[in-house]
Amino acid sequence: LLYQGALNKGRGIETMILAMKLLPDCVLEIAGTGYLERELRALVTDNFLQKKVLFYGQLSPGDLKNITHNANLGLSLEENICKSYQYALPNKLFDYIQARVPVIVSNLPEMKLIVRQYNVGVYLDQNSPEYLANAVKQIFANESLIKQCKSNCDAAAAELCWENEQHKLIKIYKDLVNANA
């Protein structure tokens, strides 16, 4: 399992770590840094999960890409703690899709929309270690679901990429310039 991103409040990382107690055959890889890193490392130690939760720190884009491509599931469990998180569409979600890695995301509007629209994984109705662990077990128990999600990532990756999105951004900037001219 892979989490990439900031180690900050509201990212669901504590849930991910505690779920590892219920997933004997899984390892959680955490790529990133943040102000909660010390507390998260203590949570791992306090729960004797040092061999099940690996911290990589901040990685170069190339190293992160390699780790992402080797993951079996990508996690993005942002919590609804503010409007920014409620409507978040994290870069990591697109990184996972580009790497053809199925995802487990929070039941927040924009992330849920991507997962449902492209069928690239599942979203969680509850944010608890038990619920996450059950979702992971169900996904790994269903080989056809994993294959389907990976296949769907191909189609999603072709559509959800910079080459397609750049035109939208350029249009927004042109419209702003023309409106202020």
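Analyst: A residue counts as exposed when its relative accessible area is over 50%, as buried when that area is under 20%, and as partly exposed in between. The model is a predicted one.

User: Which class of accessibility does arginine 100 fall into?

Analyst: Arginine 100 is placed in the loop between helix H5 (91–98) and strand E5 (103–106), and it has a positive phi near 65° while being a residue other than glycine. Its relative accessibility is 30%, which lies between the limits of 20% and 50%, so arginine 100 counts as partly exposed.

User: Why can the buried residues of H2 be said to line one face of the helix?

Analyst: The buried residues of helix H2 (residues 37–46) are Glu37, Leu40 and Val44. An α-helix has 3.6 residues a turn, so residues three or four places apart point the same way. Seen down the axis of H2, the buried residues line one face because they fall within an arc of 65°.

User: What do the buried residues of H2 pack against?

Analyst: On the other side of H2, Arg38 and Asp46 are exposed. The buried residues of H2, namely Glu37, Leu40 and Val44, pack against helix H1 (13–19) and strand E3 (53–57).

User: How many residues of H9 are buried?

Analyst: Helix H9 covers residues 162–179, and its 18 residues should span 26 Å at 1.5 Å a residue, which agrees with end C-alpha atoms that are 25 Å apart. Leucine 176 lies in this helix and is partly exposed, with a relative accessible area of 47%. H9 is hardly covered, and its count of buried residues is zero.

User: What accessible area does the nonpolar patch with Leu176 have?

Analyst: The patch lies on the surface and is formed by Trp162, Leu169, Ile172, Tyr173 and Leu176. Membership requires over 30% relative accessible area, and leucine 176 has 47%. Together, the residues of this patch have an accessible area of about 530 Å².

User: How far apart in space are alanine 155 and glutamine 98?

Analyst: Alanine 155 lies in helix H8 (residues 143–159) and is partly exposed, with a relative accessible area of 49%. Alanine 155 and glutamine 98 are 57 residues apart in sequence, while their C-alpha to C-alpha distance is 9.7 Å.

Key: Residues numbered from 1 in each chain as written. Predicted model: local features only at pLDDT ≥ 70, side-chain atom pairs only at ≥ 80, totals over all residues. Heavy atoms only, no water. Helix = DSSP H or I, 4+ residues; strand = E, 2+ residues; numbered from the N terminus. Expected span 1.5 Å × (residues − 1). Buried < 20%, exposed > 50% of the residue type's maximum accessible area, 1.4 Å probe, protein only. Arc of directions from axis to C-beta. Contact = heavy atoms within 4.5 Å. Patch = residues over 30% accessible without salt bridge, like charges linked within 9 Å, V, L, I, M, F, W, Y side chains within 5 Å. Areas by Shrake-Rupley, 256 points an atom, 1.4 Å probe, with all protein chains shown as cover. Salt bridge = Lys/Arg side-chain N within 4 Å of Asp/Glu carboxyl O.
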